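Subject: Structure for you to look at

Hello,

Please find below the structure I said I would pass on. My notes on what was found in it follow directly after.

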Amino acid sequence: MLLAFLAASVALAVTPGPGVLYIVTRTLTQGRRSGLASVAGVALGNLGNAVAAAAGLAALFAASASAFSVVKLAGAAYLLWLGLRTLRGSPASATMPPPALRGVFRDGALVALLNPKTALFFAAFLPQFMHGSAAPAQALLLAAIFVAIAVVTDTLYVLGAGRIAPLLRQRASRSAGRWLGGVTYLGLGAWTALADLPARRP
């Protein structure tokens with residue numbers, strides 16, 4: 001059962017989704033260090049959603065359209081705000097690594113945490129590989145393993161995108177980097193606002 005879980009987790013983790021797109025965009029527009037900080041933030045947010053799923057909040061989201069919509073729209077609004085902030089910033093600030101990475105880490109954590117589809121994903125995916133009476137403990141352990149696998153695959157995406165990032169930090173490409181980041185965040189915000197239940201890894 002564990003081997004089946006690991007195989008399924010790797011297959012899902014390597015499949016690009018909105019989270020990967022967010023991390024790659026951060027890397028392309030702000031460099032490898034920001035990409036890695038985003039990976040750490042998204043991982044923390046996903047662990048928070050795993051705890052929420054184990055605590056029963058996923059069942060609340062599944063049963064209450066209002067609760068699901070409130071959290072979903074909060075996450076969408078945050079992404080839209082990131083997009084507008086990026087577009088309104090100067091080309092230099094949009095493409096150079098920020099002086100402190102705490103804000104990048106915070107953004108990644110909030111983007112992942114304010115995504116109720118992630119809690120629903122864990123609630124639907126993990127029970128397929130669980131047995132026995134210690135369901136919450138098993139759920140948290142499997143979720144931690146899944147997040148760890150996702151950290152590895154997301155880091156590989158960052159390393160790949162990091163090879164391209166220096167091109168966007170050249171003076172002639174700074175405006176393109178600003179627009180790439182802003183439009184991507186706006187698109188992810190719109191996707192989050194319009195999406196319903198998760199069909200694959202968020």
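Setting aside neighbours within four places in sequence, Phe122 is in contact (heavy atoms within 4.5 Å) with Asn46, Asn49, Ala50, Ala53, Pro127, Ala143, Phe146 and Val147. Keep in mind that this is a predicted model, in which local features need pLDDT of at least 70, side-chain atom pairs count only at pLDDT 80 or more, and totals for chains, interfaces and linings use all residues. Residues are numbered from 1 along each chain as its sequence is written, and side-chain values use heavy atoms, with hydrogens and water left out.

Phe122 also belongs to the largest nonpolar core, which has 15 residues. A nonpolar core here is a set of buried Ala, Val, Leu, Ile, Met, Phe, Trp, Tyr and Cys residues joined through side-chain atoms within 4.5 Å. Buried means under 20% relative accessible area, exposed means over 50%, and partly exposed lies in between (1.4 Å probe, protein chains only). The members that touch the most others are Phe5, Phe122, Phe125, Leu126, Leu142 and Phe146. At least two residues of this core come from each of helix H3 (32-55), helix H8 (116-125) and helix H9 (135-162). Helices (H or I, at least four residues) and strands (E, at least two) are DSSP runs, numbered from the N terminus. H9 gives the largest share of the core, five residues. Apart from this core lies another, of 12 residues, including Tyr22, Leu79, Ala112 and Tyr185.

Leaving aside neighbours within four places in sequence, Val147 is in contact with Ala43, Asn46, Leu47 and Phe122.

Together with Leu156 and Leu159, Val152 makes a nonpolar surface patch of about 270 Å².

As for the whole protein chain, there are 11 helices and zero strands. Of its 202 residues, 46% count as buried. Among contacts between residues at least 6 apart in sequence, 87% join residues at least 24 apart.

Regards

Methods: Patch = residues over 30% accessible without salt bridge, like charges linked within 9 Å, V, L, I, M, F, W, Y side chains within 5 Å. Areas by Shrake-Rupley, 256 points an atom, 1.4 Å probe, with all protein chains shown as cover. Salt bridge = Lys/Arg side-chain N within 4 Å of Asp/Glu carboxyl O.
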